Amino acid sequence: MENVTILIQGKVTQETYNFYVEKYPQYPIVVSTWSDNNLDLSYFPYNLQVVKAKLPTIKGEQNMNYQFVSTINGLNCVQTEYVIKVRGDEYYSNIHTIEESIKSNPNKIWSAPIFFRHFKHFKYHISDHIIAGKTQELKFMFGAAKYAFDNNLIFHTKDGENYTYWEPEINLTIAYLMAKYPNEFGTKSGPQLMVENFDIIDLQKLKPYKVIANVFQRYWMSDFNPLQNESISNIEQLLDENPPYPYKG
């Protein structure tokens, strides 16, 4: 626990703040949020660090630039070998099970089965609700995503026109793999490259939890079902020809 930090990023709700600072006194906690995010910090434990920044002028699709900036700001405060990044409007119990997953294979980036899409559904779409692993690796990932965002490096072509991917998760995955494997990305099997670099945590072990999907205006209280929400729950499912859930492409 001494070498794992919980990083809470984005607009942080009081509910989320209270949950983590009360439940996890044994972990270093970094809260990375915005200067206009008014939180009651009267309970400020010794293991907590808060960093606030001005909201970026450019937000990007689905506020992806907000996520990149707040996560990078938080990662710059992390002093442990490993980090678990969570959103500021959600919470999860039994964080130690994520720590166990990381340490079982520290060379992978661990993600959640929350809208982790099959490759045939959305190419290179991990989940950004939880991202965990080596701190230096997450710094590399989010740094690559921020650089790609600022320089318009990630897009797909349709009918001769270039279009930006609107999903933050796809931008994160592609930027990371492009930067890490400049000679292999685009030539090696995409699903295979993802299997080699990512894994999926067991959401069932994190109950009780609260998951929010702002784009769908929905939330789940310990009852998110990956299959019912077009998500995979095992990284090896990426190697199957078709998704394990009903999907009409």
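Visitor: Why does Val215 count as exposed?

Guide: Its relative accessibility is 52%, and exposed means over 50%, buried under 20% and partly exposed in between (1.4 Å probe, protein chains only). So Val215 lands on the exposed side. You'll find Val215 in the loop between β11 (209–213) and β12 (218–221); strands here are DSSP runs of E, at least two residues, and helices are runs of H or I, at least four, numbered from the N terminus.

Guide: A word on the model: it's predicted, so local features need pLDDT of at least 70 and side-chain atom pairs count only at pLDDT 80 or more, while totals for chains, interfaces and linings use all residues. Residues are numbered from 1 along each chain as its sequence is written, and side-chain values use heavy atoms, with hydrogens and water left out.

Visitor: What makes the nonpolar surface patch?

Guide: Trp166, Val215 and Phe216, covering about 320 Å². Patch members need over 30% relative accessible area and no salt bridge; nonpolar side chains (Val, Leu, Ile, Met, Phe, Trp, Tyr) are joined within 5 Å, like charges within 9 Å. The areas come from Shrake-Rupley with a 1.4 Å probe, and for residues only the protein chains shown count as cover.

Visitor: Why is β11 described as largely enclosed by the rest of the structure?

Guide: Because 5 of the 5 residues of β11 are buried. Tyr209, Val211 and Ala213 point one way, Lys210 and Ile212 the other.

Visitor: How do you know that β11 and β12 pair?

Guide: Pairing takes at least two DSSP bridges between two strands, and β11 and β12 have 4, in the antiparallel sense.

Visitor: What makes Glu15 and Lys210 a salt bridge?

Guide: The rule wants a side-chain nitrogen of Lys or Arg within 4 Å of a carboxyl oxygen of Asp or Glu. Their closest N and O atoms are 2.9 Å apart, so the pair passes. Glu15 sits in helix α1 (residues 14–23) and Lys210 in β11, 195 residues apart. At 15%, Lys210 is buried, whereas Glu15, at 38%, is partly exposed.

Visitor: How many salt bridges does that rule give?

Guide: The count is 9. Among them is Glu90 with Arg87, at 3.7 Å from N to O. Glu90 is buried at 0%, and Arg87 is buried at 15%. Another joins Glu99 and Lys103 at 2.9 Å; being 4 residues apart in helix α3, they're separated by about one helical turn.

Visitor: Why is β4 called largely enclosed?

Guide: Because 6 of its 6 residues are buried. Tyr82, Ile84 and Val86 point one way, and Val83, Lys85 and Arg87 the other.

Visitor: What is the order of the strands in the open sheet?

Guide: β3-β2-β1-β4-β7-β6-β10, with mixed pairing. The edges are β3 (48–53) and β10 (198–200), since each pairs on one side only.
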